[in-house]
Amino acid sequence: MKIIVLVRSPRAAPESDETLPGLSPGDRAALATGLALREEGDEVIAMAAGPPADDQALQLALRAGAGQALRIIDPAVREADLRTLATVLAGGLRKTGFDLILAGQRSADWASGGTGPAVAHMLRIPHVTSVTRVERAADGELQLTQRRERTSLHLVLRPPVLIAVTHGPQLTAEKTPSDTSVEGLSLAEMTLPFRRPLLCTDREIRPIAGPTAKMLETVEGLVDLLRQWR
Amino acid sequence: MANILTYIELDQNEATSASLWALNRGRDVASDLGATLYAVLPCATTPTYDDEDIIAVLSRHGADKVILISHHGLAPPALFATHGEALVAACHQFPPQLVIFPASTEAHDLAPRLAISLRAHYTPNATFEKEDQRYLVVRRIFRRRLVIREPLTLSEHPMVVTLHRGGDPEHLGDDEAEVVMVHASVKTSQVRIEQGPVDLPDAEGGPTVGGGGGLNSATFEQLELVARALGGSIVASTTACSAGLARSARRVGLDGSVVESPRYLALGISGSERHVAGLAPHTEVVAVNTDPSAPIFASAQHGLVADAEGVLRELLKRLNEDPGAAG
């Protein structure tokens, strides 16, 4: 089975290539899930579409045990909308081939949760989001759990499929040095069917100024609030 | 006239409160901006008509019309893999300028791909705000440090939004909504539901309680007891894990996992960007910290400036006094 894990380095700020070290929790869970599913003869490839700063995430994936790491190089994806980013990633995925694509549920920056489903749309394959467990079943099928607000669903599906995960096994070997380097994948080699961006041009982004929490006066108030939680 | 479609999520054949809240907000926008508000209801069997039927409920919560997508393959729970095609068909028949979903797991499986199918702009986990006679779609991004505000214009470029519930839904009138049927073809999906919905175990379905570097090993034990009294589980900050107060598997944030539960009680956690990166957008945060300027208070809905150790002691005492406590 060819398993592709989509990762990216969390951005420090909008319209900035500066990134934070580490992975978004969803990407970390996706990577750990892919590595845990790997059996003899399987490939686990980490893939990103973004600036050189994404190499940090890809190198982390290599150290954790991914066999290959690919970064799609194209300035168009720097502040891309969902559709453009998904188109670019789908182009890369068609090139590598895939059986199972794993993505994080949402990034720790824009947190749209849309990249995985959008990539699945471009590739015309099914997707399932908010997944907490993926296991192999008989006959090449996969069993997975989707966690909802108060319930869970146990699903069975046959690859090719894209799964966006919230939780996964613990990533254990990320500090192991890797001899493998991140490879570049140029868009010039790809045929992109759609490149018109759909960004909202009239948006405004503001920092949150100071504490926004409604402050409780006493522990009594906290107890009352927590009693409503049960 | 513009069309606003609101997706209705069902729980045991009744519309969820979050869906009715979303329908209320759709009514606000439709009335102010001059649009027709549709409630979109996929269902496996055609609903009955009486005072308490779902069509009457949707009418009372603001729907002008109800789009009924009836097919035996459309029983809840919905996934895009099973219901997506029918939803796209409804949007082709009634082209929307705005599609509103209640922010939920089901919506976050359906909405982004519907947005891509419609070539629409997608904004999840948002609220509507009215400012100077215009509506804004507002949400927090970048680890809850920034807020993005986008104008809602019902233009030729549609928007798909998942909306946070901000209160209880209200009855807005008694006019009966017109029912329109959409006949969608539903193909056999590659994804099948083997079991479910299955109730989550308490420790998974309950709130999450997090401890930070402001605690010590004795208070971490109390944290576990408080989590148990609330029917939840515990997590920890990187500082607490590095200090050996909790196992690294409990770590939340860029070095660890994510809090997905709807409620999070953070005790002695300063709220560094790396930690807040692990809080889902829908998670309501209540923070306790001795420092009133701690960044966690900018990420929380409620806060208490107090010593976490004393608060834990008091919580244990008070929560266990309650007859409903500790399962």
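1. B:Pro197 is found in strand S12 of chain B; strands here are DSSP runs of E, at least two residues, and helices are runs of H or I, at least four residues, numbered from the N terminus. A cis peptide bond, with omega about 0°, joins B:Gly196 to B:Pro197.

2. This is a predicted model, in which local features need pLDDT of at least 70 and side-chain atom pairs count only at pLDDT 80 or more, while totals for chains, interfaces and linings use all residues. Residues are numbered from 1 along each chain as its sequence is written, and chains are lettered from A and ligands numbered from 1 in the order in which they are written.

3. Between the chains, 73 residues of chain B are in contact with 69 residues of chain A (C-beta atoms, placed from the backbone, within 7 Å). Strand S12 (residues 191–199) gives the largest share of the chain B side, nine residues.

4. S12(B) pairs with strand S7 (residues 151–157) of chain A in the antiparallel sense, over six bridges; pairing requires at least two DSSP bridges between the strands. B:Gln195 is the bridge partner of A:His154.

5. Chain A also has a cis peptide bond, from A:Pro159 to A:Pro160, with omega near 10°. A:Pro160 lies in the loop between S7 and strand S8 (161–165) of chain A.

6. B:Arg143 is not a glycine, yet has a positive phi of about 60°. B:Arg143 sits in the loop between strands S8 (134–141) and S9 (146–152) of chain B. B:Arg143 counts as buried because 26 other C-beta atoms lie within 10 Å (buried means 20 or more, exposed 12 or fewer, partly exposed in between, with C-beta atoms placed from the backbone).

Technical notes:
Two residues are in contact if their C-beta atoms, placed from the backbone, lie within 7 Å.
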